[in-house]
Amino acid sequence: MSQNSVDSLKRVFVLFVPFVVKSSLTPPTSPGSRWRNRKSATLPYEREPIMSFDLNSSLVLLERTPGVLETLLGGLAPTWTHQNEGADTWSPYDVLGHLIHGERTDWMARMDIILNDEGDKRFVPFDRFAQFRESEGKSLGELLREFREVRTANVAHVRSLNLDDRALDKTGIHPTFGEVTLRQLLSTWTVHDLDHLVQISRVMAKQLKTDVGPWVAFLRIVRD
Ligand code: NI
């Protein structure tokens, strides 16, 4: 290597490395996220939660889910969409029906109960099997359209309420957990989507569980 190349390498190192180190110490900013005081620069691999609940950040995610499901499932053969993981488990089609039922009967109804200071604060228990009745005879495409409609309306409704911290601290009574806050309910609404997206991916992945052969050792998704 000539002295010139060595010099230019040194220059790159001197100019660039401090920048890289500085960027790795600076958390990425996204609207609405609140960063806690940090003790170390371990952001990319950190395992503890780094964001506290922010309504708009949740709504931004919640309104994407219909599009995610349309892209993932729309037009796919039933071999992907109607297979489950075995007896008493759900297919992606069943999960979609469950998400629709939640939009229609659960999240908004429970929010109304929490926000209504006069009425009974007890939630109505959620029917986890309603989708088997309600989805009957409907195509996957119909369910995807229905989910988009009802989710879009619900997100718009929540936005229109301009919920402040006082409202988010209000409580209702869950049939199993007892007192829960609106903040917990709306966080759960968000995480519930992610939970079922993982489930849908897992059910689909398992369809090829034996076909991956020895690579099953690297594919935790089909072993869990
Ligand atoms: Ni669920």
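Helix axes are lines fitted to C-alpha atoms over the stretch in contact, and the angle between two of them runs from 0 to 180 degrees between N-to-C directions. In this predicted model, helix H2 (residues 55–62) and helix H10 (residues 182–206) pack at an angle of about 30°, with their axes 10 Å apart. Because angles under 35 degrees count as roughly parallel, H2 is roughly parallel to H10.

**Overall architecture**

The secondary structure of the protein consists of 11 helices and two strands, and along the sequence these elements follow the pattern α-α-α-α-α-α-α-α-α-β-β-α-α. Of the 224 residues in the protein, 21% are buried. When contacts between residues at least 6 apart in sequence are considered, 65% of them join residues at least 24 apart.

**Helix packing**

Two packed helices are described by the angle between their axes and the distance between the axes.

| Helix pair | Angle between axes | Distance between axes |
|---|---|---|
| H2 and H10 | about 30° | 10 Å |
| H3 and H8 | roughly 165° | within 9 Å |
| H5 and H10 | about 165° | 9 Å |

H2 passes H10 in a left-handed crossing, and the contact is made by Leu55, Ser58, Leu61 and Leu62 of H2 together with Leu186, Ser187, Trp189, Thr190 and Asp193 of H10. The residues of this contact divide into five nonpolar, three polar and one charged.

For the pair H3 and H8, the axes cross at roughly 165°, and the two helices are therefore roughly antiparallel to each other. H3 passes H8 in a left-handed crossing, in which Thr65, Pro66, Leu69, Glu70 and Leu73 in H3 meet Leu140, Leu144, Phe147, Arg148 and Arg151 in H8. By class, the contact of H3 with H8 has six nonpolar, one polar and three charged residues.

H5 and H10, packed at an angle of about 165°, are likewise roughly antiparallel to each other, and their crossing is right-handed. The contact is made by Pro92, Val95 and Leu99 of H5 and by His196, Gln199, Ile200, Val203 and Met204 of H10. The contact of H5 with H10 comprises six nonpolar and two polar residues, with no charged residues.

In soluble globular proteins, nonpolar side chains tend to be buried together. In this model the largest nonpolar core has 14 residues, and those with the most contacts inside it are Leu96, Leu143, Leu144 and Phe147. Helix H3 (65–73), helix H5 (92–105), helix H8 (140–160) and H10 each supply at least two residues of this core, and H5 gives the most, with five residues. Leu96 touches Leu69, Leu143, Leu144 and Phe147, when residues up to four places away in sequence are not counted. Apart from this core lies another, of 11 residues, among them Trp107, Met111, Val155 and Trp189. Trp189 also belongs to the contact of H2 with H10, while Leu69, Leu144 and Phe147 take part in the contact of H3 with H8.

**Loop residues**

The loop between helix H4 (78–81) and H5 holds Asp88, and Ser91 lies in the loop between H4 and H5 as well. With 19 C-beta neighbours inside 10 Å, Ser91 counts as partly exposed, because a residue is buried if 20 or more other C-beta atoms lie within 10 Å of its own. Ser91 and Thr81 are 10 residues apart in sequence and 6.3 Å apart in space, C-alpha to C-alpha. Leaving aside neighbours within four places in sequence, Ser91 is in contact with Thr81, His82, Gln83, Asn84 and Val203, and Val203 is also one of the H10 residues in the contact with H5.

Most residues other than glycine have a negative phi. Asp88, however, has a phi near 60°, a positive value in a residue other than glycine, and Asp88 is exposed, with 6 other C-beta atoms within 10 Å. Asn162 also has a positive phi, of about 45°, although it is not a glycine. Asn162 sits in the loop between H8 and helix H9 (165–168), and with 8 C-beta neighbours inside 10 Å it counts as exposed.

Terms used: Residues numbered from 1 in each chain as written. Predicted model: local features only at pLDDT ≥ 70, side-chain atom pairs only at ≥ 80, totals over all residues. Helix = DSSP H or I, 4+ residues; strand = E, 2+ residues; numbered from the N terminus. Parallel < 35°, antiparallel > 145°, perpendicular 65-115°, else oblique. Left-handed = near helix turned anticlockwise from the far one by under 90°. Contact = placed C-beta atoms within 7 Å. Nonpolar A, V, L, I, M, F, W, Y, C, P; charged D, E, K, R; others polar. Core = buried A, V, L, I, M, F, W, Y, C linked by C-beta atoms within 7 Å. Buried ≥ 20, exposed ≤ 12 C-beta atoms within 10 Å, placed from the backbone.
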